Amino acid sequence: MQNFPVFRTKIPGKDKVFDLSDPKQAEGYFQYKAGNEIAKLKKYFEENTFIAYLMGKKNAGKGTYTKQFTSLFGTDKVAHISVGDVVRGVDEEMADPSKKEALIDYLKKNYRGFFSLEEIIKSQEDRGTGKPLLPTEYILALLKREIEKSGHKTLFIDGLPRTLDQVSYSLFFRELIGYRDDPDMFVLIQIAESIIDERLKYRVVCPKCHTPRNYKLLVTSRIGYDKEQKKFYLKCDNPGCGGERMVTKEGDELGIETIRDRLVSDGELIDQAFSLYGVPKILLRNDVPVAEAKEKVDGYELTPEFVLSLENEKVAVSTKSWIVKNDEGIDSYSLMPQAVVVSMIKQIVEALEL
Ligand SMILES: [Zn+2]
């Protein structure tokens, strides 16, 4: 895979420091680093929209970046459409006879493809049993319906294209959904596999509200110590949740080994999109070589590693630099998501010529 340039988020003379793990401070950070661009985009969104196709390896942070972007501009202006979520939503509709009927009715009017509607319904029901991916023509009809439901908004589409042959479909997708004159662009994410690996290996989730955290990279404000197991554990600190003990999902401890094939095909797809002509490309890079970091980014924009220890029976938390090898074997840091979002905002403003 071709390396993307490291985006410079460091601004000469702007040396205020932010704690990006604090949502209030993160808000101030966005204004400090990209206030002008945010204002331009807000004005743009008053009358206009665009379509962005998000492409990155599994667990690259697509959902996180979109969530932060959306909360800056509002869910009335920006929608995140995940193909995976849409397809899972159909599973639920299938279980309800009246919803199933409405779905089939929509497909009768809007689906056109190589398989009969009966075959399509069957493959939706057999999904996840090792069967091949659902036909693209069916996915397109489902997406069209989802977008009609959400109204005319700026779209971040996650999961199309998913295969090489779907790249061409995405080039004409805006016509299909009636967004004829709206600009579209590809948002490509580069991330080192070692970063995905550690995100998975140390990941824990709340059994109640499903909030994901990480022992090493994103701890909660409440940490306990299990004397019997001699292990630290995180307690959910999501407001409104009951402080549940977060747990490891089975298989996560194996890291990227279980998703190796997927990472390879995702990488090929990004390469393909990178070589496209005629469509703007927003290049987001998560890893920053240590040698380039000082010049291009601020220290607080780098993801720290949390170190947990026990002092007088109390849990103590400290941080240190988290350094991993990138895919070329070069010592690198991983950017905090907010810094990646700042680079995204600035590149989008440029692509739209605002
Ligand atoms: Zn929770």
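Which residue of strand 3 is the bridge partner of Leu 54? That partner is Asp 158, and the points below start from the strand that holds Leu 54.

1. A word on the model before the details. This is a predicted model, in which local features need pLDDT of at least 70 and side-chain atom pairs count only at pLDDT 80 or more, while totals for chains, interfaces and linings use all residues. Residues are numbered from 1 along each chain as its sequence is written.

2. Strand 1 and its partners. Helices (H or I, at least four residues) and strands (E, at least two) are DSSP runs, numbered from the N terminus. Two strands pair if DSSP finds at least two bridges between them. Strand 1 runs parallel to strand 3 (residues 154–158), with four bridges joining them. With strand 4 (residues 184–190), strand 1 also pairs in the parallel sense, over five bridges; there, Met 55 stands opposite Leu 188.

3. How enclosed is strand 1? A residue is buried if 20 or more other C-beta atoms lie within 10 Å of its own, exposed if 12 or fewer, and partly exposed in between, with C-beta atoms placed from the backbone. Five of the five residues of strand 1 (residues 51–55) are buried, so the strand is largely enclosed by the rest of the structure. Ile 51, Tyr 53 and Met 55 point one way, Ala 52 and Leu 54 the other.

4. Helix 6. Buried residues of helix 6 include Tyr 138, Leu 142 and Glu 146. After the helix comes Gly 151, with a positive phi near 85°.

5. Backbone spots to look at. Most residues other than glycine have a negative phi, and most peptide bonds are trans. Asn 59 has a positive phi near 65° and lies in the loop between strand 1 and helix 2 (62–73). Glu 313 also has a positive phi, of about 65°, and sits in the loop between strand 11 (304–311) and strand 12 (314–321). Asn 59 is buried, with 20 other C-beta atoms within 10 Å, whereas Glu 313 counts as exposed, with 7 C-beta neighbours inside 10 Å. The peptide bond from Leu 160 to Pro 161 is cis, with omega near 0°; Pro 161 is in the loop between strand 3 and helix 7.

6. Three strands form an open sheet in the order 10-14-13, with strand 10 (287–289) and strand 13 (324–325) at the edges. Pro 289 stands opposite Ser 332 in strand 14.
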